[in-house]
Amino acid sequence: MLTYQTWESHELPSFPHDNETKGALDVLAWAYSEYKDDIVYACSFGVEGIVLIDLISKVKQDAEIVFLDTCLHFRETYETIEKVKEKYPFLRIVMKKPSLSLEEQAQQFGDELWKHNPNKCCELRKVIPLREALTGVTAWISGLRREQSPTRKHVEYINKDDKFQSIKVCPLIHWTWKDVWNYVYKHQLPYNVLHDRGYPSIGCEPCTSPALDPNDLRSGRWAGRGKTECGLHIS
Ligand code: SF4
């Protein structure tokens with residue numbers, strides 16, 4: 001089995017991407033065959049997440065989906081999760097919370113940590129919870145697309161993830177924003193209504209605004225704070 005430890009000695013599989021799902025379904029079929037229950041999908045329930053959930057449900061109906069529930073998400077995001085639960089009743093959706101409540105975090109690090117130290121806040125409420133969720137798991141799935149940002153341009157289908165000492169599987173690397181929406185409309189999938197209100201990328205409420213630049217889908221994330229990533233995808 002391909003693991004973080006066997007990465008150097010293991011031949012990586014290759015996948016065609018000139019098909020309807022641009023390789024995504026083949027990658028998922030390989031991943032669930034390789035890892036069985038030893039893989040989780042860390043889903044933010046943005047529109048790429050909805051596409052991936054639909055594709056995953058075709059390969060493994062009872063897949064484990066982890067949502068990093070920072071307790072700071074939009075009401076619309078929690079409503080989206082409920083719609084997904086209704087549509088895919090066999091998926092195992094885990095709401096993974098940080099060990100510190102918002103009150104405990106404020107006592108230890110000050111009120112509204114996201115305003116004065118967003119990196120620390122993301123570490124406490126996203127990075128550490130994901131590390132906990134991946135404990136004992138060999139691989140995880142992420143909805144990264146190469147088109148999203150310069151830092152994601154070189155992501156492969158199968159990646160060695162030094163940050164979490166894991167294998168990171170990214171089935172959607174070749175999908176464009178248009179591909180994502182075409183798939184959602186074609187299959188009539190539920191999605192977060194904030195996407196229709198100018199939010200292409202949706203994270204925690206205090207750190208997400210409508211996109212400032214229509215050509216930069218992530219320009220509404222931590223706008224004006226010199227931060228572009230929560231830290232899950234940075235070594
Ligand atoms: Fe905190 Fe903002 Fe990061 Fe959410 S996105 S964990 S509120 S800094």
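**A friendly note on the sheet and the ligand site**

1. Strand S6 covers residues 166-169, and S5 and S6 pair in the antiparallel sense over four bridges. Here strands (E, at least two residues) and helices (H or I, at least four) are DSSP runs, numbered from the N terminus, and two strands pair if DSSP finds at least two bridges between them. The hairpin of S5 and S6 has four residues between the strands, and Gln165 takes a positive phi near 45° there.

2. A word on the source. This is a predicted model, where local features need pLDDT of at least 70 and side-chain atom pairs count only at pLDDT 80 or more, while totals for chains, interfaces and linings use all residues. Residues are numbered from 1 along each chain as its sequence is written, and side-chain values use heavy atoms, with hydrogens and water left out.

3. Now the whole sheet. It is open, with six strands in the order S3-S2-S1-S4-S6-S5 and mixed pairing. At the edges are strand S3 (92-96) and strand S5 (158-161), each pairing on one side only. Strands of a sheet pair through backbone hydrogen bonds, either parallel or antiparallel.

4. For a parallel example, look at strand S1 (residues 39-42) and strand S2 (residues 64-68), which pair over two bridges. Ala42 stands opposite Val66 in S2. Helix H3 (residues 75-87) packs on the sheet and touches S2 and S3; contact means heavy atoms within 4.5 Å.

5. Which residues surround the ligand? They are Leu72, Trp114, Pro118, Cys121, Cys122, Arg125, Lys126, Cys204, Cys207 and Trp222, where being near means that a heavy atom of the residue lies within 4 Å. Helix H6 (residues 118-134) gives the most to this shell, with five residues. By class, the shell has eight nonpolar, no polar and two charged residues; Ala, Val, Leu, Ile, Met, Phe, Trp, Tyr, Cys and Pro count as nonpolar, Asp, Glu, Lys and Arg as charged, and the others, Gly among them, as polar.

6. Finally, find Leu217, in the segment after helix H7 (177-186). Leaving aside its neighbours within four places in sequence, Leu217 is in contact with Arg145, Trp177, Pro200 and Ser201. Leu217 and Cys71 are 146 residues apart in sequence and 24 Å apart in space, C-alpha to C-alpha.

How values were computed:
Axes fitted to C-alpha atoms, helices over the stretch in contact; angles between N-to-C directions.
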